[in-house]
Amino acid sequence: MQKVYPMSFDPATLKYTDQGLIPAIAQDHETGEVLMMAWMNAESVARTLDTGRVTYWSRSRQSFWVKGESSGHVQELVDFRVDCDRDCLLVVVKQNGPACHTNRRTCFYTAVRDGAEVELMKPEV
């Protein structure tokens with residue numbers, strides 16, 4: 001069993017970019033599959049931890065984005081992890097439906113193999 005060391009957490013202790021953002025990688029809690037990467041700011045970190053619904057910061061809309069609020073493809077927070085440099089997050093989630101806006105399970109559906117792009121999965125129906 002993994003030993004844990006409880007301590008209080010303050011989103012302000014994270015290292016953000018000059019724009020006040022931190023990358024957050026979403027990973028499926030059952031399979032370990034990397035689903036997507038998006039950005040958070042201190043407030044979206046706090047909202048995610050408070051509600052259990054993963055909330056990102058949309059750079060294009062300049063607004064909060066609760067994953068699945070329009071598509072129904074909700075990400076429920078299972079675990080929230082901070083990397084050793086405190087400049088990247090891992091949100092372990094229960095993904096309901098596709099994670100990608102293209103309707104694929106993951107945003108990482110394109111591989112480069114032998115110099116060519118290969119589509120690894122089609123959109124879900």
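The model is predicted: local features need pLDDT of at least 70, side-chain atom pairs count only at pLDDT 80 or more, and totals for chains, interfaces and linings use all residues. Residues are numbered from 1 along each chain as its sequence is written, and side-chain values use heavy atoms, with hydrogens and water left out.

Let's begin with the sheet. Four strands make an open sheet in the order β2-β1-β6-β5, with mixed pairing. At its edges are β2 (34-40) and β5, each pairing on one side only. From one strand to the next, the twist averages 30°. Strands here are DSSP runs of E with at least two residues, and helices are runs of H or I with at least four, numbered from the N terminus. Two strands pair if DSSP finds at least two bridges between them. In general, strands of a sheet pair through backbone hydrogen bonds, either parallel or antiparallel.

Now look at β5 and β6, which run antiparallel and are joined by seven bridges. Here Val82 stands opposite Leu89 in β6. Helix α1 (residues 42-51) lies across β2, β5 and β6, running at about 120° to β5. That angle is taken between N-to-C directions on a scale from 0 to 180 degrees, using lines fitted to C-alpha atoms, for helices over the stretch in contact. Contact means heavy atoms within 4.5 Å.

Next come the annotations. The unreviewed UniProt entry places a "binding site" at Cys84, Cys100 and Cys107. UniProt positions follow the numbering used here, feature names are shortened, and annotations may be inferred rather than shown by experiment. Why do these residues not all gather at one spot? They span 24 residues in sequence, and the farthest two C-alpha atoms are 27.3 Å apart, so the set is not gathered in one place. Cys100 and Cys107 from this set belong to the lining of the second largest pocket. On a 1 Å grid over the protein atoms alone, a pocket is an open set of points with protein on both sides within 12 Å along at least five of seven lines, and lining residues have an atom within 4 Å of a point.

Is Cys84 buried or exposed? Cys84 sits in the loop between β5 (75-82) and β6 (89-95), and is exposed, with a relative accessible area of 74%. Cys100, in the loop between β6 and β7 (110-113), is buried at 5%. Buried means under 20% relative accessible area, exposed over 50%, and partly exposed in between (1.4 Å probe, protein chains only). Leaving aside residues up to four places away in sequence, Cys100 touches residues including Arg105 and Thr106.

Thr106 is found in the loop between β6 and β7 and is buried, with a relative accessible area of 2%. Its side chain reaches the backbone oxygen of Leu35 at 3.1 Å and the backbone nitrogen of Phe108 at 3.1 Å.

Finally, the unreviewed UniProt entry also places a "binding site" at Asp83, Asp85 and Asp87. Asp85 lies in the loop between β5 and β6 and counts as partly exposed at 42% relative accessibility. Asp87 has its place in the loop between β5 and β6, and is partly exposed at 35%. Not counting residues up to four places away in sequence, Asp87 touches Lys15, Ile22 and Pro23.

Definitions and conventions
1 Å grid on protein atoms, 1.4 Å probe; cavity = no way out; pocket = protein on both sides within 12 Å on 5 of 7 lines; lining within 4 Å. Polar contact = N/O pair within 3.5 Å; in protein donor to acceptor, adjacent residues only side chain to side chain.
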